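User: I have a structure here that is new to me. Can you walk me through it?

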Amino acid sequence: MGIITDQLVSFRYVTKLHGLMLGEISRKFGLTDMEMNIIAFLHNNPRLDTAADIVELRRLSKSNVSKAVSSLCSKKLLTSRTYESDRRKVHLILTAEAFAIEKEIAACTEKLLGVVFDGFSKEDAGLYKALNARIKDNIVRYLEENDGRR
């Protein structure tokens, strides 16, 4: 396989493993996969806290995200808030009731990283992270210069 195919296959397997691990947590707490994805996203990305962020970065449909956000709010696992500085944006905030779920997500993340980086030295894992960041930056720069968006 070529390098691009290798990367795509690796990403697919990591995504699949992550989904399987999160699925165990979602079943334990009686959540849908979409609800679990939203909680995990908000937990792992505290500065990206809008439905639009979730739609853009996770490539999920607006309607599915909206439905899951409403459900999570009704389950008291999520609240929403607007700020005076920009009333157009609705920020999503995990509640204290979501803490037990967040704790399991953190453990899941550690387990996933353990599987992915098994046999890697700390230096190798750091090098991978640095190289991956450079690749992402190159792609984002290209898209912004040639397409005007990410």
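User: What kind of model is it, and how are residues numbered?

Analyst: It is a predicted model, where local features need pLDDT of at least 70, side-chain atom pairs count only at pLDDT 80 or more, and totals for chains, interfaces and linings use all residues. Residues are numbered from 1 along each chain as its sequence is written, and side-chain values use heavy atoms, with hydrogens and water left out.

User: How many helices and strands are in the protein chain?

Analyst: The protein chain has six helices and two strands. Their order from the N terminus is α-α-α-α-β-β-α-α. Helices (H or I, at least four residues) and strands (E, at least two) are DSSP runs, numbered from the N terminus.

User: What box do the C-alpha atoms fill?

Analyst: Roughly 45 × 40 × 25 Å, taken along the principal axes.

User: And how much of the protein chain is buried?

Analyst: Buried residues are 25% of the 150 residues. Buried means under 20% relative accessible area, exposed means over 50%, and partly exposed is in between, with a 1.4 Å probe and protein chains only.

User: Which residues have the most contacts inside the largest nonpolar core?

Analyst: Ile38 and Ile39, in a core of 27 residues. A nonpolar core is a set of buried Ala, Val, Leu, Ile, Met, Phe, Trp, Tyr and Cys residues joined through side-chain atoms within 4.5 Å.

User: Which elements supply it with at least two residues each?

Analyst: Helix H1 (3-29), helix H2 (33-44), helix H3 (51-58), helix H4 (62-74), strand E2 (86-94) and helix H5 (99-116). H2 gives the largest share of this core, seven residues.

User: What does isoleucine 39 touch?

Analyst: Leaving out residues up to four places away in sequence, isoleucine 39 touches Leu31, Leu72, Leu77, Leu94, Ile101 and Ile105. Contact here means heavy atoms within 4.5 Å.

User: Now the helices. At what angle do the axes of H2 and H5 cross?

Analyst: At roughly 75°, and the axes come within 10 Å. That makes H2 roughly perpendicular to H5. The axes are lines fitted to C-alpha atoms, for helices over the stretch in contact, and angles run from 0 to 180 degrees between N-to-C directions. Angles under 35 degrees count as roughly parallel, over 145 as roughly antiparallel, 65 to 115 as roughly perpendicular and the rest as oblique.

User: Which residues make the contact of H2 with H5?

Analyst: H2 brings Met36, Ile39, Ala40, His43 and Asn44, and H5 brings Ile101, Glu102, Ile105, Ala106 and Thr109. By class, six are nonpolar, three polar and one charged. Ala, Val, Leu, Ile, Met, Phe, Trp, Tyr, Cys and Pro count as nonpolar, Asp, Glu, Lys and Arg as charged, and the others, Gly among them, as polar.

User: How do H1 and H2 cross?

Analyst: The axes of H1 and H2 cross at roughly 110° and come within 9 Å. H1 is therefore roughly perpendicular to H2. Leu22, Ile25 and Ser26 of H1 meet Asp33, Met36, Asn37 and Ala40 of H2.

User: What about H3, which residues are buried there?

Analyst: Asp53, Ile54 and Val55 are the buried residues of H3. Their cover includes H2, H4 and E2.

User: Switching to the strands: how many bridges join E1 to E2?

Analyst: Five, and the strands run antiparallel. Two strands pair if DSSP finds at least two bridges between them. E1 and E2 form a hairpin with two residues between them, and threonine 79 has isoleucine 93 in E2 as its bridge partner.
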